[in-house]
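Subject: Structure handover

Hello,

Here is the structure I promised to pass on. Please open it beside this note; my findings follow below it.

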Amino acid sequence: MLFNSQIFIFIFLPLVLIVYYGLHKLGMHTLAKVSLIAASFIFYGYNHPVYLLILIFSILFNFMIYKILSRASKMCQVFCEDLTCSVGPSTQSNSNGPMFKKGRRLILIAALLVNLGIIFYFKYFDFFIENSNRFLHTDWVTRNILLPLGISFFTFQQVSFVVDSYRGEAKDYDFTDYCLFVSFFPQLVAGPIVLHSQLIPQFRDESRFKFNVDRFGEGVRYFVIGLFKKTMMADAWGRVSDLGYRFETHWDTPSAALIILAYTLQIYLDFSGYSDMAIGLGKMLGFELPVNFDMPYKATDIGMFWKRWHMTMTGFFTKYVYIPLGGSRKGKVRTYINTLIVFAVSGLWHGAGWSFVEWGLLHGIAVCFHRAFGKRLKRVPKVITGLITFVFVNFAWVFFRSEGTYQAGMIFTYLLKGGVTDTFSLLTQAFAGNNLSLLLKNIPGFDAFIPMYNQVCMIIMMIVTLIMVWIFPSSHDISVKKDIRGWEGPVFALMAVLSIMTFTNVNTFIYFNF
């Protein structure tokens with residue numbers, strides 16, 4: 001089920017809110033949580049019920065691991081305390097404590113292998129076969145395995161939980177809270193990546209059981225902004241980038257530049273739009289999900305970009321990959337190596353393809369360069385460093401979007417080709433793929449103005465989009481401010497109406513593929 005669909009907005013969401021708050025009102029707090037779990041399962045399995053089996057298995061398996069680790073930790077603690085009391089502390093080092101620790105470590109390794117094995121099979125198995133056939137000259141047949149929605153997000157979320165359980169950082173959670181933590185439908189499919197310490201305590205906070213008008217209002221504003229980003233802006237730029245990356249013709253320099261910029265804007269508006277909607281839905285239900293984007297294209301250096309882009313993923317890889325590798329504690333060379341490893345893994349996490357790894361390494365190299373020379377660049381005006389950062393991010397996205405290195409190379413070839421041809425008009429036509437354009441085409445004599453109309457639409461869309469990503473305040477700042485002016489209500493209503501009008505052409509979110 002999609003956030004940007006009529007069934008979700010007009011049927012699913014109202015029913016979930018009524019049932020959830022109604023059960024809390026009746027004092028049935030556990031049953032209210034169960035209703036959210038049931039709603040989350042319906043949401044996730046709406047189009048592909050078989051995916052539910054994977055999600056349910058993952059939840060049951062990881063919760064079992066959590067219980068085993070918790071019990072083993074308690075047994076080790078009791079054993080060591082008893083031994084200390086009976087024979088004294090001097091002999092504790094000779095006890096079976098290390099045996100318990102080794103057993104817990106083996107359980108953790110087994111849990112990680114199962115979780116990562118599931119992702120490997122569904123996401124990377126065909127990639128492994130293709131590369132084996134290419135480099136080892138084998139002739140294995142790919143299976144064209146369908147990637148379950150959100151598997152990377154809910155698996156990594158549980159990996160963090162299992163690791164924290166091993167470290168003793170997970171509290172005494174019951175199955176209902178854990179199941180809701182993993183399956184919570186606003187963030188289930190495409191994040192934000194939420195840690196147990198951020199969400200489960202909120203499930204137990206009785207102050208959140210009551211309907212809060214102010215918090216609900218913030219949630220609605222968040223949701224409408226995200227919906228508008230997705231339907232009115234990201235999808236428009238998506239039509240341009242999709243056409244460009246099909247290579248139906250040979251583009252000229254302006255066309256290649258527009259294709260590159262279109263995807264840069266599409267992926268930000270699409271993914272941040274989803275995150276905004278997820279945060280808004282969380283607020284409507286009384287919960288706070290972490291902010292995932294903070295105007296990243298305003299960044300004046302690549303380090304700042306990664307503090308603003310997909311912030312929960314950055315936090316995850318920092319805590320569970322970068323720091324365990326040694327972080328920046330073992331000298332500059334090791335810091336650079338660790339940084340490159342993290343970005344390579346991040347690229348591979350996004351998709352099974354070398355172009356994703358190349359995208360990650362490009363950013364890793366840029367971050368290392370900034371670490372090495374950032375202080376010397378402080379004298380450069382922020383406008384210049386910001387423009388350089390934005391251009392670099394644009395070029396890097398080409399590898400992320402392309403089917404492979406060859407296609408990325410072709411895009412850059414077209415960019416350097418020079419000249420202007422009629423092919424540019426083909427891209428401007430992509431902006432006409434909306435209900436308003438279809439309505440205007442029925443006006444007698446309007447056909448002659450269609451090319452000019454398309455170009456005007458593109459120019460207006462580009463100006464509005466760049467103002468939104470460079471000048472406007474963030475979705476968070478707009479949504480949570482208390483002094484709402486009288487004209488803002490009608491504006492949000494108009495944004496909602498315009499967004500809903502596009503539901504005849506519902507498009508999935510980009511990060512559903514990752």
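Which residues in helix 13 meet which residues in helix 14? The model is a predicted one.

**Overall**

The protein chain has 514 residues, and 52% of them count as buried. It holds 21 helices and zero strands. Take the contacts between residues at least 6 apart in sequence: 77% of these join residues at least 24 apart.

**Helix 13 and helix 14**

Now back to the question. On the helix 13 side, the residues are T335, Y336, T339, L340, F343, A344, S346, G347, L348 and H350. On the helix 14 side, they are F356, V357, W359, G360, L361, H363, G364, I365, V367, C368, R371 and A372. By class, this contact has 13 nonpolar residues, eight polar and one charged.

**Helix 9 and helix 10**

A second pair is worth a look. The axes of helix 9 and helix 10 are 6 Å apart, and the helices pack at an angle of about 155°. Helix 9 is therefore roughly antiparallel to helix 10. The crossing of helix 9 and helix 10 is left-handed. Their contact has 22 nonpolar residues, nine polar and eight charged.

**D252**

Next, the loop between these two helices. Helix 9 spans 213–245 and helix 10 spans 253–284, with D252 in the loop between them.

Is D252 buried or exposed? The relative accessible area of D252 is 1%. Buried means under 20%, so D252 is buried.

What does the side chain of D252 make a polar contact with? The partner is the side chain of S255, at 2.6 Å.

**Where to start**

I would begin with the two helix pairs. Then turn to D252, in the loop between helix 9 and helix 10.

Best wishes

Methods:
Residues numbered from 1 in each chain as written. Predicted model: local features only at pLDDT ≥ 70, side-chain atom pairs only at ≥ 80, totals over all residues. Heavy atoms only, no water. Contact = heavy atoms within 4.5 Å. Helix = DSSP H or I, 4+ residues; strand = E, 2+ residues; numbered from the N terminus. Nonpolar A, V, L, I, M, F, W, Y, C, P; charged D, E, K, R; others polar. Buried < 20%, exposed > 50% of the residue type's maximum accessible area, 1.4 Å probe, protein only. Polar contact = N/O pair within 3.5 Å; in protein donor to acceptor, adjacent residues only side chain to side chain. Axes fitted to C-alpha atoms, helices over the stretch in contact; angles between N-to-C directions. Parallel < 35°, antiparallel > 145°, perpendicular 65-115°, else oblique. Left-handed = near helix turned anticlockwise from the far one by under 90°.
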